[in-house]
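Subject: A structure for you to look at

Hi there,

Here is the structure I promised to pass on to you. Have a look at it first, and then read my notes below.

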Protein chains: 2
Amino acid sequence: MSTSISPLAPKSFPEMPPVAGVRLSTAAAGIRYPNRTDVLLALFDQGTAVSGVFTRSKCPSAAVDWCRERIKRGGGASALVVNSGNANAFTGSSGRSATKLTADIAAKAAQCKPGDVLLASTGVIGEPLDATKFGGVMDRLVAGAAPGRWHEAAKAIMTTDTFAKGAAAVVRMGPSAVTICGIAKGAGMIAPDMATMLSFVFTDAPIAPAVLKTLLREGVENTFNAVTIDGDTSTSDTLLAFATGAAATRGVGKVSRLSDPRLPAFRKGFNAVLADLAEQVARDGEGARKLVEIVVEGAASKKSARRIALSIANSPLVKTAIAGEDANWGRVVMAVGKAGEPAHRDRLSIWFNGIRVAHKGERDPAYDEAAVSATMRKPEITLKVALGLGKGRDRVLTCDLTKEYITINGDYRS
Amino acid sequence: MSTSISPLAPKSFPEMPPVAGVRLSTAAAGIRYPNRTDVLLALFDQGTAVSGVFTRSKCPSAAVDWCRERIKRGGGASALVVNSGNANAFTGSSGRSATKLTADIAAKAAQCKPGDVLLASTGVIGEPLDATKFGGVMDRLVAGAAPGRWHEAAKAIMTTDTFAKGAAAVVRMGPSAVTICGIAKGAGMIAPDMATMLSFVFTDAPIAPAVLKTLLREGVENTFNAVTIDGDTSTSDTLLAFATGAAATRGVGKVSRLSDPRLPAFRKGFNAVLADLAEQVARDGEGARKLVEIVVEGAASKKSARRIALSIANSPLVKTAIAGEDANWGRVVMAVGKAGEPAHRDRLSIWFNGIRVAHKGERDPAYDEAAVSATMRKPEITLKVALGLGKGRDRVLTCDLTKEYITINGDYRS
């Protein structure tokens, strides 16, 4: 398995301020391997609101089931326990028992209700998760929890990720600034033997649960939902947002309505954190050598543009062409054609990094092979398709498909 | 580009008898490269019926547009011209002119109506097809046409195929036997810079056009439509069936109704030819080292079973696992889950080559790693999923995803 850092990785982990009301702690519980940090505990001040979005898989992991139920009940959040090494997916009734036991152990140590503990697991699928192992580290985790340990937290949830992923924003909200910090893990939609895209976002802004829910649902649409590595949907995809409300002590009043005039600024910062994390997931796609932005415009609708963009982004022939630094617009036409959305061959135009290669259904008369070849060697490629039908526009992020992807995913389980 | 023959290839090209009323001829017209056989001409006796099914792409090739129009008009077939080297796809108005010119040239040489000439093209996309080149070889093609030249014909339409694909069946029909012969080309759904799955099936049985149309539409459903290499749909997929009716001279009366008692036997032979050709396409998938049959049963419906089977067959993570000889049922669960069809995690069972690896949502208690590892080393893998919900059952064929696929499709165009 590759251990080299993605060539598309950011230069360093970002500066991330603490979020008032959130304390973090990590430990090595020996979930799969000894002496490897594999548990993250986040503790929240009383009154913390939580919302979440999850995989659309019909076969979700036990932790996804657990979180969905907790959030549906409208409970608050006192703790979050995330483990790597085992996804607790496809583990039947023992999986359900493991979630309950984990929550019980955390609740006892953190002196909260088990129903206020959120869970996420990532790692091997189909192996029972031995939740008793959390018992050996939980008291220490609680005792050692401290604000601002984002880098450690981001590292604790990695599996085949080649770099830790974090993002932060500070936004003015009435009399004070509020902070939004997020971490994520990705790699493949589902990594070798492992499941999961996980992301956790934390803020001290006092956002009511219903408002947080809307922010999250809207924010995810153009960020995490607009990233695809291989079109394979994990059984464990989880994105949780926590709002501690601690900024209230600095005079920031509660945001209870979507019409709150302070919300646009907050939303902008919140979405920027989601977008940054989502892009980092694409930059760490398994075997990725190129970050690829697909822009579709002139579609019948935004929804249609999204479908066409995903058809292009998930096409193995488009992705291998980009890996080969080949501006193969014939394959782009193929991917547009197979999407099943309104498209007219003789109105299509296609650009790579701003250079038009095809126009109105034929090769661009001004096609310059040398200029196109030069731009395809860049690590970041923007592929734009104009359909010439309507005003629908959308974008998605993906990466190229390389032999390294096959190596990572074609190796024996070990 | 790889030139070695697929390890999954049949031992040899099959014995294929002539079909009365069909004469074949091939030539090197220099469409893309000099001195390479790149044109196939088939000539049909008067009264030949034709039907076709085509790509569902919204951006089809000019030849697909041409054939669709001819067949919709209900015309007969006097000639078929197929070229490799250029797909005449995404070539705008020049592509339409090229189809017309090709038909005119063939009609003149074969002394028939241009509207009775069918066309198919495979090869590079987006390059204008210089149809005048057919002029230089058409008279010789017509003069040299002879029955039974199936192997030559199958070779003439290859692009990145590593072996020529043919299949035949002989069926009793009243007083005489009738013959069904077919050829195909595949490789990727769309090969490097090239488009196309093409197949042509010929019979001397006197089948009325409306009956032929039904046979073809029904026959393709469980054969060519049940094969996927990479989920990428070609702009040029074409399957044409020709019925010359020449067996009438041997006393075989016309089949004009679907209720004809002779039809079931014919249908069986016809479908067997389609199934054989479709399997050969899967056996020659780009970079394929394993032939993979996906069987889904216990689904809510056959349609649901097909969707789940295709979700598994198109999953890069399932395909790379099989390339790595890893019975990774966790990824199979993932692919079932993402299909969006009814599925219940805790009722799922999964088999590789008859060995049950997962049962009712958990690892099979009798799981034997050694036996599973041994069976995964075989060149043919049957992956069965039982959903335990209903009676819907279906199967599709695919191949594994190897580094060779990336090599073939990630190389520069040259």
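To follow the first point, you need to know that domain bounds come from an automatic or database domain assignment. On that basis, chain A is divided into domain 1, residues 22–283, and domain 2, residues 291–410. Please keep in mind that this is a predicted model. Chain A averages a pLDDT of 91, and 96% of its residues score at least 70. The model as a whole scores ipTM 0.81 and pTM 0.85.

**The two domains**

How far apart do the C-alpha centres of domain 1 and domain 2 of chain A lie? They lie 33 Å apart. Where these domains touch, twelve residues come from domain 1 of chain A and eleven residues from domain 2 of chain A. The domain 1 side of that contact divides into six nonpolar, four polar and two charged residues.

**Helix H7 of chain A**

Helix H7 covers residues 263–283 of chain A, 21 residues in total. From its first C-alpha to its last it reaches 30 Å, close to the 30 Å expected at 1.5 Å a residue. Several of its residues are buried, including A:Phe266, A:Phe270, A:Val273, A:Leu274 and A:Leu277. What do the buried residues of H7(A) pack against? Among their partners in chain A are strand S6 (165–173), strand S7 (176–185) and helix H6 (209–221). Strand S11 (291–299) and strand S16 (392–399) of chain A are also on that list.

**Where chain A meets chain B**

The contact between the chains takes 51 residues from chain A and 50 residues from chain B. On the chain A side, the elements giving two or more residues are helix H9 (316–323), helix H10 (329–338), strand S14 (362–363) and helix H12 (403–410). H10(A) provides the largest share, eight residues. By type, the chain A side divides into 18 nonpolar, 18 polar and 15 charged residues.

**How the copies are related**

Enjoy exploring it!

Best wishes

Technical notes: Residues are numbered from 1 along each chain as its sequence is written. Chains are lettered from A and ligands numbered from 1 in the order in which they are written. This is a predicted model: local features need pLDDT of at least 70, side-chain atom pairs count only at pLDDT 80 or more; totals for chains, interfaces and linings use all residues. pLDDT is the predictor's confidence in each residue, from 0 to 100. Two residues are in contact if their C-beta atoms, placed from the backbone, lie within 7 Å. Helices (H or I, at least four residues) and strands (E, at least two) are DSSP runs, numbered from the N terminus. Ala, Val, Leu, Ile, Met, Phe, Trp, Tyr, Cys and Pro count as nonpolar, Asp, Glu, Lys and Arg as charged, and the others, Gly among them, as polar. The expected span of a helix is 1.5 Å times one less than its number of residues. A residue is buried if 20 or more other C-beta atoms lie within 10 Å of its own, exposed if 12 or fewer, and partly exposed in between; C-beta atoms are placed from the backbone.
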